[in-house]
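Hi there,

Here is the structure I promised to pass on. Have a look at it first, and my notes follow below.

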Amino acid sequence: MGVLSFLFSSSLGRKLVMAVTGIALIAFLLVHCLINAMVLLNDGGQTFNEAARFMAENPFIRISEILLFVGFLLHIAQGLYLTFDNRKRRAAKYTGNPGNANSKWYSRSMGFLGTIILIFLVLHLKHFWVVSRFHAPHALGEITYANGDTMENLFLEMANVFTSPYAVIIYVLGCFSLAYHLLHGFASAFQTFGINHKSYTPIIASVGAAFSIIVPLIFAIIPVVMHFGIIK
Amino acid sequence: MKLDSKIPQGSVDTKWTQYKSSVSLVNPANKRSLHVIVVGTGLAGASAAATLAEMGYKVSAFCFQDSPRRAHSIAAQGGINAAKNYQNDGDSVYRLFYDTIKGGDYRAREANVHRLAEVSTNIIDQCVAQGVPFAREYGGTLSNRSFGGTQVQRTFYAAGQTGQQLLLGAYSALERQVGLGNVTMYSRHEMVEVVKIDGKARGIIARDLVSGKLERHFGHAVLLCTGGYGNVFYLSTNAMGSNVTAAWKAHRAGALFGNPCFTQIHPTCIPVSGHYQSKLTLMSESLRNDGRIWVPKKKDDNRQPNDIPEDERDYYLERRYPAFGNLVPRDIASRAAKERCDAGYGVGTTKMAVYLDFKYNMINKYGRTEASKRGIQNPSEDVLLELGKEIAKEKYGNLFDMYKQITAEDPYEVPMKIYPAVHYTMGGLWVDYELQTTVPGLYALGEANFSDHGANRLGASALMQGLADGYFIIPYTLGSYLSKEIHTKPISTDHEAFVEAEKKVSDRINQLMGIQGKRTVESYHRELGKIMWDKCGMARNEKGLKEAIDEIRALREDFYKNVRIPGSVDEFNPELDKAGRVADFLELGELMCWDALNRNESCGGHFREEYQTEEGEALRDDENFKNVFAWEYKENNQWELHKEELNYENIKIQQRSYK
Amino acid sequence: MNINLKVWRQRNQNSEGRFEEYKVQASPDMSFLEMFDVLNEQLIEDGNDPIAFDHDCREGICGMCSMVINGRPHGPKQGVTTCQLHMRSFSEGDTIVVEPWRANAFPVIKDLSVNRGAFDRIIASGGYVSVNTGNAVDANSILIPKEVADEAFEAATCIGCGACVSACKNASAMLFVGAKVTQLSMLPQGQPERQARVVAMVNQMDAEGFGACTNTGACAAECPKQIPLSVIANLNREYYKAKLNGK
């Protein structure tokens, strides 16, 4: 641990923790998003449910899930620490307001955006993760498809949750926060890793921007289309 | 008083080597118990403090700014000379020595200048080793450029920020010693008195500018590296805080002041724009590498510069000095600009400016080279100009930007307007070969001393001198004095000399604070500056100088009756700091006039209108004035003049010619 | 032009500060600091306490001037210091809010003057090449490619004014530290102490009470010398490498 103690003691170490866990979370989002996108195939949730079963049963995924959880906790704890600690570094605040003249509002609001995402996350875990992992087996109800496969029907659980307009609004807001959080976070992680060069930084920035828009957009579409019954 | 310059015996090129081999040394154990005070942390001060600390001395360093890195050396733009001959253009130690003596119009000491030229090469090595990012060629070697008064390329540079890079190098060496505990740094401290015990300098009284408290500091020796006094003219290229106070206190404590009237007026500065003007901004001399100076041939020509055709322009430097052209020394370029403007050919709203025009060289020098590099056949003039602008941007981008920021005119499109301004003072505390003033144990380094530039300093030589004094000269010469001081135990600052000196300072401050008149310190400074510029500036005459002396005396008298200093003594009070400095300028100004009045000749930057050739060039009088004027302070602003004869054994004195 | 100023006044480090309002007649060709000179002369003549502010070279190179103007260090123009900012950048009748650099690591001395000694201490902790005078080899025996020299120079142009700290919402000093670390880590002269240097400087930076960087980019956007954000990336890389090497 000696060599790595800087991750929790120095300003640059803490930043590295944010970046590493951030990238891990980005990878998770990508997988999550790909699976969710299967809902949009509009096949009564078959592909989606199959993917969900794979995720639930694959031992590699289950181990990764633990790592992911640790990553989440580190990202949240370190993020909150940095937000509050950084705020203390300027006891007397400015009166003049530069607006967005020297930085983007979402870059300055990562703590706030992250907190909204955290609140959303608690709700989200309660809706799906807790239900699928900790309820008695088959609590979700099962479905048997034409090919004879029987599996838990997570798709139906989604349809149930998204009948509530409040849930849809909360999910869409969560996705908005996520989009802006990513808009800063994606490129920022690379900067923290020390990857900054005039030839490839613009590429990172474009990929980051695309990711930050597309992924949350897909996430946000699903509650909406399910609520309005476009996907059944 | 007999002035002993302590110049070693032997031929000029062996003096320094022999001196170094024979000077007394201080052993390492003794160094640790010897304490040196360094006042000022510019190139000279920072390099001296760092080097002495590396050698093992205990050092206390003082600066009035908030950090040693702010010293005004930082603003030097163009470069630093060194006789490296990397360009294979015939440079040598002798040639740098010769150019400097000639450039100084034969009023500098041969031995000092030769030593300067000798150590110049070590300076570049040292700075590079510190990580100073000098400009490089593609092959990785160091790049050079030309400066005024020379025909070789020996100037090393880092874009237009050479002084900054060199100072940051010296500053980092200094901070390293601070970190190691060998230097104690006192920033926002101003030296306000020298403490003398048994005739030797033994410490200083410093004022903590934040708390206003007076502090006593003991040192076995005191080094003044406090820069020049150009701010006596109010408007100059010096920083707002640059002042003569430390040197002046030393002068009043017995150190002779050498050639106070030798002031350098720099030819390429941004002209004054209004009465509120607080300082003048230099445009580096390096611009004269590529800028051509001209005025319209017609008087009161109000056309835009780009509308004036080529044959109606007077490139007066190229016309008058074909051999050196736009690269004549500073004093000559300045006077020539003044001459044109006084004759009615000046440009701009005030008519006190000339053009510095880059278009010709952007097209013909850079544009053409760039075009052939890129294989562009028969490029049009517009294409060449665009290509040339790119190169100009690379070379002078920061200067052009600064010019545009200040004047709102774009020098890539229209010629710059420039006019001479006070820039540097060749005069300063008189020192011997060891850089010691006439007070034992009190030394002066860099611009604060008078020694190396004679009556006119060549461009890129100030940085060279500051670093030479600090890195390579004082570490040896100080040993000569301190080796005899190893038995001197640190003297308690309760010693009566310290008590007395502190009382003197606090009385002076209380006197100033007690006046509570009506006029601001600034207004006195401005008025003094105007007297100095009008009557002791680029051209001087007997009548004007006599008037100036009377006017300065009257102004000084009024100052002590009518100045208003707000706030109190025991707080951060920049107005009080300024008042002390202006009070000293009010005395120095008078001495400068006396010096100019007594020097009945013209030489270098000192131009007495009564002494000029038919062509209007400076007319020296080597019979009577081949000497240094060293002034001794007597009570109540009276001075006694001493003279140090200058001997030229290696350089034949002649009429300086750049034609 | 008529300008309304709202200026932060604070007697000393320990006292409470407040804003005071002033009216000044300015000319468009004046520098921002010359406007303060004019105001101060007025204040003194009227028997009031002038406003303390730091300034020295007034050429944009010493790094002493430090005013936050309408919430932005060195004012609205990019790439200029306060002393190089001219009133033509403002309009008739403008109200301008002027404050000191605000950061716990830069305590206010008086009014608009702050103490930036923390920067010196960071340099003293390792921002140098350890080479005693007289130890140097011939300058041209160290060959440095032009591109490297130019890039090192770009980082070395930092004037240590502290605008980066003042602009950063976290009062982080990483642009300042990154600039010095970048300069010395790029050059061959800086190699022997490369890893020890970055660790020592970051430790000192943390000890001085500067915040952590969150990559908002405000520092580089407000830097009067336009030091690029890449120096912070470089600092990160250098630091992680050194730490993982057990420094």
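Which residues does B:Leu429 touch, leaving aside those up to four places away in sequence? Please keep in mind that this is a predicted model. In it, B:Leu429 touches B:Leu224, B:Ala247, B:Ala250, B:His251, B:Ala255, B:Phe257 and B:Gly258, along with B:Thr437, B:Ala444, B:Ala448, B:Asn449 and B:Phe450.

B:Leu429 also turns up in the largest nonpolar core, which has 335 residues. Those with the most contacts inside that core are B:Leu429, B:Val39, B:Ala49, B:Leu223, B:Leu224, B:Val354 and C:Leu175. Helix 16 of chain B (residues 574-598) gives the most to this core, namely 12 residues.

Next, chains A and C. Their contact takes 40 residues from chain C and 32 residues from chain A. On the chain A side, the elements that give two or more residues are helix 2 (11-37), helix 4 (59-88), helix 5 (105-108) and helix 8 (165-192). Helix 2 of chain A has the largest share, with 5 residues. By class, this side of chain A has 14 polar, 13 nonpolar and 5 charged residues.

Finally, chain C by itself. The domain assignment gives domain 1 (2-110) and domain 2 (117-244), and the C-alpha centres of these two domains lie 29 Å apart. Across the boundary, 18 residues of domain 1 of chain C are in contact with 16 residues of domain 2 of chain C. The domain 1 side of that contact divides into 9 nonpolar, 7 polar and 2 charged residues.

Best wishes

Technical notes:
Residues numbered from 1 in each chain as written. Chains lettered and ligands numbered in written order. Predicted model: local features only at pLDDT ≥ 70, side-chain atom pairs only at ≥ 80, totals over all residues. Domains from an automatic or database assignment. Contact = placed C-beta atoms within 7 Å. Nonpolar A, V, L, I, M, F, W, Y, C, P; charged D, E, K, R; others polar. Helix = DSSP H or I, 4+ residues; strand = E, 2+ residues; numbered from the N terminus. Core = buried A, V, L, I, M, F, W, Y, C linked by C-beta atoms within 7 Å. Buried ≥ 20, exposed ≤ 12 C-beta atoms within 10 Å, placed from the backbone.
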